[in-house]
Amino acid sequence: MNSFQSAVSVLGRVLLSHIFIISGIGKATNPAGTIGYIQSVGAPLPEVAYAIALFVELVLGVALLVGFKARWAAAGIALFTLATAFLFHFNLADQMQQIMFLKNLTIVGGLLLVVAFGAGAYSLDNRRR
């Protein structure tokens, strides 16, 4: 991997992870609102879903950001993002929900690239080698 690819991989991880970290912070500061929103779509066990969302968005989001177990973190976030696309944004008759659904699928695509190719040279994964 050359220095350009190394730098771009860091930028990619920052851009992929920041939406999850920011969203996780928002969920952590408003648990009742988040649980209420989860309940509003009929998801089972909304408190458990909330805990899973916090773990994925904060723990796995930070892991992806710093490149720690990045392939596993990206895979976990990808599964979560795919599930949320279908659970929360699958009303394709609503143009905004269709855009949100497609945005989630696009993010999954970026995360799968991390799964396939790893975190890059500037990551904790690479530092341990």
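What covers the buried residues of helix H1? Good morning, colleagues; I shall come to that after a word on the model. This is a predicted model, in which local features need pLDDT of at least 70 and side-chain atom pairs count only at pLDDT 80 or more, while totals for chains, interfaces and linings use all residues. Residues are numbered from 1 along each chain as its sequence is written, and side-chain values use heavy atoms, with hydrogens and water left out.

Helices here are DSSP runs of H or I, at least four residues, numbered from the N terminus. The cover over the buried residues of H1 includes helix H2 (31-40), H3, H4 and helix H5 (95-117). Buried means under 20% relative accessible area, exposed over 50%, and partly exposed in between, with a 1.4 Å probe and protein chains only. Among the buried residues of H1 are Arg-13, Phe-20 and Lys-27. Ser-17 is also buried, and H1 bends there by about 35°, the angle between axes fitted to the seven residues ending there and the seven starting there.

I turn now to H3 and H4. Ala-53, Val-56 and Leu-60 are among the H3 residues that meet H4, where the partners include Ala-73, Ile-77 and Phe-80; contact means heavy atoms within 4.5 Å.

Finally, two loops. Leu-45 lies in the loop between H2 and H3 and has a positive phi of about 50° although it is not a glycine. Most residues other than glycine have a negative phi. Leu-45 counts as exposed because its relative accessibility is 60%. Lys-69, in the loop between H3 and H4, has a positive phi near 50°. At 41% relative accessibility, Lys-69 counts as partly exposed.
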